[in-house]
Amino acid sequence: MPPDGAPAGRVGGFDHVSLPLQHVDAMVAFYRSLGLDVVETPHLVQVYVGTQMINFHQPAIWQREGFTLRAPAATPPCGDLCFVWDGSAGSLGALLAEAGAEIEEGPVERHGGRRAAGESVYVRDPDGNLLEFLTYPEGGGHDR
């Protein structure tokens with residue numbers, strides 16, 4: 001620690017989140033249909049969202065006895081993720097319809113991580129994880 005007692009660094013943001021995966025082929029197809037880069041490895045399905053990533057642990061990994069690098073009670077579906085949508089509500093609706101995702105709720109006003117209000121819609125992925133797509137108004141909220 002520096003002499004003035006201030007920490008030598010700080011948490012700068014999220015790099016990735018990890019969730020257990022059940023329906024591998026359906027999940028890969030779904031996230032690719034959203035236009036995201038998806039990489040499959042023997043242990044993970046990695047979904048890249050900008051400079052962040054979702055690591056979906058393959059079933060053979062998270063179900064293996066002795067695998068402890070997850071929350072003990074985490075089984076699909078346990079994710080609740082919010083994505084920022086950089087487009088119109090109409091283009092989001094079209095993308096979600098093409099991906100086969102039915103809107104469960106929305107559009108509704110929500111406050112997001114940018115400390116600003118936006119409009120959200122909620123859908124589920126093939127494993128049942130809840131996905132929120134938040135659209136900020138133009139100029140509404142910026143990354144800090």
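**View 1. Surroundings of threonine 135.** Not counting residues up to four places away in sequence, threonine 135 touches Trp85, Gly87, Leu92, Gly118 and Glu119, a contact being heavy atoms within 4.5 Å. The model is predicted: local features need pLDDT of at least 70 and side-chain atom pairs pLDDT 80 or more, whereas totals for chains, interfaces and linings use all residues. Residues are numbered from 1 along each chain as its sequence is written, and side-chain values use heavy atoms, without hydrogens and water. Threonine 135 belongs to strand β8 (residues 130-135); helices (H or I, at least four residues) and strands (E, at least two) are DSSP runs numbered from the N terminus. Its relative accessibility is 18%, so threonine 135 counts as buried (under 20% relative accessible area; exposed is over 50%, partly exposed in between; 1.4 Å probe, protein chains only).

**View 2. The ring pair of tyrosine 31 and phenylalanine 56.** The structure holds three aromatic pairs (rings of Phe, Tyr and Trp, the last by its six-membered ring, with centres within 6.5 Å; stacked under 30 degrees between planes, edge-to-face over 60, tilted for the rest). In the pair of tyrosine 31 and phenylalanine 56, the centres are 5.5 Å apart and the planes at 45 degrees, so the pair is tilted. Tyrosine 31 lies in helix α1 (residues 24-33) and phenylalanine 56 in strand β4 (residues 52-57), 25 residues apart. Tyrosine 31 is buried at 1%, and phenylalanine 56 is buried at 1%.

**View 3. The ring pair of phenylalanine 83 and phenylalanine 133.** The ring centres of phenylalanine 83 and phenylalanine 133 are 5.3 Å apart with planes at 25 degrees, so this pair is stacked. Phenylalanine 83 in strand β5 (residues 80-84) is 50 residues from phenylalanine 133 in strand β8.
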